[in-house]
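Start with the structure below.

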Amino acid sequence: MAALRCCLDALLRTTDRQDVEILVVDKGSRDGSEQLDSDYPGVTFLRLPRNFGYTKAVNIGTRTATGDYLFLLDPHTEVPAGAVAALTEKLDSDADAIAVCPLLVDTDGAPLSRFRPVPEASGLMRAWKTGDTGGSLPADLAAEAIAVGWPPRVAVLVRRQFVKGMNYIDQRYGESGADAELFYQIWHANKKVLLLPEIKVLYRPETLELSADACAELSADEALAAALFASKHNGFFAGVGARLGAALHILIKLLTFQQPGYQMSRLMAVLGGQKIDGTQMSN
């Protein structure tokens with residue numbers, strides 16, 4: 001809750017506050033954040049009874065928002081005054097750009113952003129198996145704007161009409177996959193995602209202590225997102241193959257006694273198609 005307060009305080013200090021609508025989609029949190037309603041009367045809180053996953057939260061926010069642009073923002077970010085206006089101006093001036101993003105930095109100003117290539121099915125599954133999401137910084141951060149494929153989803157300004165034109169983000173994705181789908185669709189439309197390095201946003205990533213069951217559910221959700229992406233963009237059998245490959249990968253770890261309880265939980269979730277969609281046990 002402290003991080004969300006810092007995030008909201010920063011947004012409320014933005015120089016174009018009168019043009020910014022702030023929506024908070026609460027995915028069934030239990031940290032007492034409901035008391036923020038009275039502390040931030042200018043903010044709209046959309047409270048969900050359970051954690052239905054990131055994808056549904058984004059779609060609910062998109063349908064509720066009234067502006068032309070959506071600033072998808074993680075609560076562990078702090079946006080400086082003027083940043084929203086600068087990002088918006090770039091989209092206003094470049095019709096080929098669908099999304100723009102700032103450079104994420106830590107408290108010392110060191111860059112944290114890592115950019116991956118345009119999403120593709122084999123890469124998603126490979127990243128899930130290895131735990132290595134990869135990504136790198138562009139070589140020339142002195143440029144005014146740099147085309148990137150897949151930026152971190154924690155701070156991205158995107159044209160709302162483009163998301164609506166996709167018929168929103170496919171809600172068969174749960175917690176994972178929404179950003180991969182969005183940036184793939186931008187690339188497929190021959191449009192651009194731009195990094196504006198001069199705009200810097202402080203990011204304090206949170207380290208959560210999750211139970212083994214919750215970690216298994218998140219891992220299974222990521223594998224199922226990769227399989228869905230493969231099915232959508234490479235065909236039905238590619239999706240089936242990806243899902244079976246994920247199950248086999250887990251089974252091998254199970255047979256070699258690597259965290260057997262955890263592996264069994266995520267194997268059952270993958271085989272059962274259990275995403276983070278409100279039905280998971282760890283809500």
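Where is the place of Arg-266? Arg-266 sits in helix α10, which spans residues 260-272. The model is predicted.

**The arginine**

Is Arg-266 buried or exposed? Arg-266 is buried, and it has no salt bridge. Glu-222 is the nearest side chain of opposite charge, at 7.7 Å. A salt bridge here would need a distance within 4 Å. Setting aside neighbours within four places in sequence, Arg-266 is in contact with Trp-128, Ala-216, Ser-219, Ala-220, His-249, Ile-250 and Lys-253.

**Helix packing**

Two packed helices are described by the angle between their axes and by the distance between those axes. The two pairs are listed here.

| Pair | Angle between axes | Axis distance |
|---|---|---|
| α8 and α10 | about 40 degrees | 8 Å |
| α7 and α8 | roughly 25 degrees | within 11 Å |

Take α8 and α10, with their angle of about 40 degrees. That angle makes α8 oblique to α10. The crossing of α8 past α10 is right-handed. On the α8 side, the contact is made by Ala-212, Asp-213, Cys-215, Ala-216, Ser-219, Ala-220, Ala-223 and Leu-224. On the α10 side, Tyr-262, Ser-265, Arg-266, Ala-269 and Val-270 take part.

Now take α7 (residues 178-188) and α8 (residues 212-234), whose axes cross at roughly 25 degrees. The two helices are therefore roughly parallel to each other. α7 also passes α8 in a right-handed crossing. Ala-180, Glu-181, Tyr-184 and Gln-185 of α7 make this contact with Phe-229, Lys-232 and His-233 of α8.

How values were computed. Residues numbered from 1 in each chain as written. Predicted model: local features only at pLDDT ≥ 70, side-chain atom pairs only at ≥ 80, totals over all residues. Heavy atoms only, no water. Helix = DSSP H or I, 4+ residues; strand = E, 2+ residues; numbered from the N terminus. Buried < 20%, exposed > 50% of the residue type's maximum accessible area, 1.4 Å probe, protein only. Lys, Arg positive; Asp, Glu negative; His and termini not counted. Contact = heavy atoms within 4.5 Å. Axes fitted to C-alpha atoms, helices over the stretch in contact; angles between N-to-C directions. Parallel < 35°, antiparallel > 145°, perpendicular 65-115°, else oblique. Left-handed = near helix turned anticlockwise from the far one by under 90°.
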